[in-house]
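Here is my note on the model, as numbered points. Please read it alongside the coordinates.

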Amino acid sequence: MRRWLALLVAATTSLVLIALLVPMALLIRAVAENGAMNRATTAAESVALTVGTAELPLAVERVARPVTVFLPDGRTLGVPAARSEAVRLAATGRSVTAEVGDGREVLAAVQSPQGTVVIRVFVGEDELLRGVPAAWAALLVLGLALVVLGIVLADRLALAVTRPVDGLARVSHRLAGGDLEARAEPGGPPEVRSVALALNHLAGRIGDLLAAERESVADLSHRLRTPLTGLRLDVESLRDPEEAARVGARVDALERAVSAVITDARQRSAERGSCDATAVVGERVRFWSVLADDQGRAVTVTLPEEELSVAVSAEALSACVDALLGNVFAHTAEGVSFSVRLAPHPSGAVLVVSDTGDGFDPALLERGNSAGGSTGLGLDIARRTAESSGGHLTVSSSGGAIVEVVLTRP
């Protein structure tokens, strides 16, 4: 906007200045030429007063400009000059002004007892334009200064509009990034202030709606504790202690997951956490390895030696790993092997989960799509986890399913 407004002002100012300065420049030239011609005419008249007297040669010498007097007998006084057609015309008794190659000549016809005397005063081009180039240069400088001043003023005015608009853009990007506490500072023209107030109202409304949604999710999750309590009572009634301990551990894990959902849903801010991906992925793979052993699945795990910090919380990364490994168990037959690899990446870390099953359609990335009658949220959870850190998720199917999750560092 600033550039376009500056160009508009520059074009408008230039047109106005051209319409004003060009006639003024022509007027200056005309005034200079008229002044030079008037001075030449005055000189010719001063010489004409001495025609027919003995003072004529002295008057010609006193004139401080090129003067030629053509006498009726063919003689000339003063500066030598040819008898041009204009001189012959003036000899008939008419005073004229004629253009010559490098200036103008003023011809005054004066009657004397011997005949018509023609007085020629030459005005050079330099005298006709004396002071004109300097005046034109001053007009040019003035015009350029006015154009620059107009552009500067336009830029200041545009800045008063664009600065609040840029602030609105930054606030909108912060809101899009999850910072619901971002607010715009009303400023600038009334229309821009109105947009800032509307954006602040929208941000507040979004925060209220999300808070209500979190509470609804937390309430819904809290209701799951009632059937969990009943399930725990059923577990305690099992006669086999080992079976009771195993099922009880699963119930405890489910209860922790429900508690994590409630806690996560009640979080007021959308700030990203961070965690050591090596530790989290290793812990979740160990958890799923028990089930893999039961189903006869070979598991290959590749973890780095050092810590890998990523810009997601441990709970979110755990949910991502659980979703990916859960898909392997849900959508491949027992005995199908899989591998989990975590490695450094230029952006932070990359997590690759692959199996030797039949693969799957990448359309399953769409939220709600499922090939096995499930909720279809597993891959979407992993994708949202990657994108929340600034990374991405890609899937491919080559001799099995391969899911690659790129996570950025904090």
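1. Helices (H or I, at least four residues) and strands (E, at least two) are DSSP runs, numbered from the N terminus. Axes are lines fitted to C-alpha atoms, for helices over the stretch in contact; angles run from 0 to 180 degrees between N-to-C directions.

2. Some ground rules. This is a predicted model, where local features need pLDDT of at least 70, side-chain atom pairs count only at pLDDT 80 or more, and totals for chains, interfaces and linings use all residues. Residues are numbered from 1 along each chain as its sequence is written, and side-chain values use heavy atoms, without hydrogens and water.

3. Two strands pair if DSSP finds at least two bridges between them.

4. β1 (residues 67–70) pairs with β2 over three bridges, antiparallel. Valine 69 has leucine 77 in β2 as its bridge partner.

5. Another open sheet of five strands runs β7-β9-β10-β12-β11, with mixed pairing. Its edge strands are β7 (299–302) and β11 (392–397), each pairing on one side only. Here the twist averages 10° from one strand to the next.

6. Helix α9 (residues 277–294) packs on this sheet and touches β7, β9 (338–344) and β10. Contact means heavy atoms within 4.5 Å. The α9 direction makes about 175° with that of β9.
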